[in-house]
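Here are my notes on the model you passed along.

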Amino acid sequence: MEKNLKTVLLIEDSQDIRESTAEILELANFRVFTAENGKVGVELALEHLPDIVLCDIMMPQLDGYGVLYLLSKNEQTANIPFIFLTAKAEATDMRKGMGLGADDYLTKPFDDVDLLNAIEVRLQKRDNLKRDLIKYSSLDNLLNEARSIKLLKELSENSRIRSFKKKQSIYMDGDFPTNVYLVKSGSVRTYMVYQDGREIITGIFTSGDFFGYDTILLNKPCSDSAETLEPSDLCLITREDFNSLIFKDHGISKKFIELLSGNVKQKQDQLLKLAYNSVRKRVADALISLAEKFGDPSSDSVVIKVSRDDMAAMVGTANETVSRTLADFKEEQLIEKEGGSIHIKSLERLKRIKQ
């Protein structure tokens, strides 16, 4: 039986009515579960969670009112549309059923059109309600995100802004952090230094990027160093202000936890590439990373400005090796060197470079 069929639970003690109604529903492309009394009906509702329930009122063991009451008290079944099938047309009985939470009622005998119309209307209303809930949930998320962005903006605007020269140190490995940094203009690199003096870049940050938050979130000394790649203005958010905002606003704490998780994955990927990728592949990946960070995302051709030292630190190899690899790329018409800049002629071709 198809999985996408709407399901109907029919609870009716009269075998003739139960079988004839089930036949109509199956012909209308519904999947039908049937129960001969209220007790069995409740058990089937909990087992199958149907899209809609049709239920007789006067039944042995458990009447329709009892079925509705029990389903309405269960979180899994409370919102399933419920239609009474009744031979009693008195207004008091109808009010009682609607008062208990029934969505509609059909008076026996009912014709096929009335039955299918009632089901269609209730299912449509339920689907509309679900869409509205999703829409308002998304709107609520957007409002919360907007509030978080506003709080971050206000915090950064009220924080001290400091100007740094090119290649100026911001903090060093082992320092105990006092600030979270937001790049207002310019660019920054974070890096680690091996015992033999070689550097490896762990991150590059441009306008709008935060850095330095991982050490404050983890309450540990800095595990790398940071310096500017060019003249830069940085917003310095104090440890106290940052922690206060993190604990006060769930949206902001979620944002920085996601950033932290992304940083961890990025560093794991970087270590794997250093261990297993060829120098040629690592140089290509470094160029691609810089192009995506500083270039036009819609263009296949990008000009980036990067020193040989910084390229070597990104790749984790000697300057001379980077120079030889870049010379190979130039010979293959992948790049052109223009003064202190590198013109990537085709990002797509770089991405196709294998081990």
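**Notes on the predicted model**

1. Let me start with a loop. Pro-109 sits in the loop between strand E5 (104-107) and helix H5 (112-157); helices (H or I, at least four residues) and strands (E, at least two) are DSSP runs, numbered from the N terminus. The peptide bond joining Lys-108 to Pro-109 is cis, with omega at about -10°. Most peptide bonds are trans.

2. Some ground rules before going further. This is a predicted model, where local features need pLDDT of at least 70 and side-chain atom pairs count only at pLDDT 80 or more, while totals for chains, interfaces and linings use all residues. Residues are numbered from 1 along each chain as its sequence is written, and side-chain values use heavy atoms, with hydrogens and water left out.

3. Now the overall picture. The chain has 12 helices and 16 strands. Of its 355 residues, 43% count as buried (buried means under 20% relative accessible area, exposed over 50%, partly exposed in between, with a 1.4 Å probe and protein chains only). The accessible surface of the chain is about 20,100 Å², and carbon and sulfur atoms hold 51% of that; the areas come from the Shrake-Rupley method with a 1.4 Å probe, and for residues only the protein chains shown count as cover. Among contacts in the chain with a separation of 6 or more, 69% are between residues 24 or more positions apart, a contact being heavy atoms within 4.5 Å.

4. Two backbone spots to check by eye. Most residues other than glycine have a negative phi. Asn-29, which is not a glycine, has a positive phi near 70°, and it lies in the loop between helix H1 (15-27) and strand E2 (31-35). Gln-61 also has a positive phi, about 70°, without being a glycine; its place is the loop between strand E3 (52-56) and H3. Are these two residues buried or exposed? Asn-29 is partly exposed because its relative accessibility is 49%, and Gln-61 counts as exposed because its value is 63%.

5. What covers strand E1 (residues 7-11)? Five of its five residues are buried, so the strand is largely enclosed by the rest of the structure. On one side are Thr-7, Leu-9 and Ile-11, on the other Val-8 and Leu-10, and all are buried. E1 pairs with E2 in the parallel sense over five bridges (two strands pair if DSSP finds at least two bridges between them). Within that pairing, Val-8 stands opposite Val-32 in E2.

6. There is also an open antiparallel sheet of four strands, in the order E6-E13-E8-E11. Its edge strands are E6 (160-164) and E11 (210-211), each pairing on one side only. Inside the sheet, strand E8 (residues 179-185) and strand E13 (residues 232-238) run antiparallel and are joined by six bridges. Ser-185 has Asp-233 in E13 as its bridge partner.

7. On to the aromatics. The count is six aromatic pairs, where rings of Phe, Tyr and Trp (its six-membered ring) pair if their centres lie within 6.5 Å, and planes under 30 degrees apart count as stacked, over 60 as edge-to-face and the rest as tilted. Tyr-65 and Phe-84 are edge-to-face because their planes stand at 75°, with ring centres 5.6 Å apart. This pair links distant parts of the chain: Tyr-65 is in helix H3 (residues 64-72) and Phe-84 in strand E4 (residues 82-86), 19 residues apart. Both Tyr-65 and Phe-84 are buried. Phe-84 also forms an edge-to-face pair with Phe-82, at 5.1 Å centre to centre and 80° between the planes. Phe-82 counts as buried because its relative accessibility is 2%; for Phe-84 the value is 3%.

8. Elsewhere, Tyr-171, Tyr-181, Phe-205 and Phe-211 form one aromatic cluster. Arg-189 lies over the face of Tyr-191, 4.2 Å from the ring centre (a charge sits over a ring if NZ of Lys or CZ of Arg is within 6 Å of the ring centre and within 35 degrees of the ring normal).
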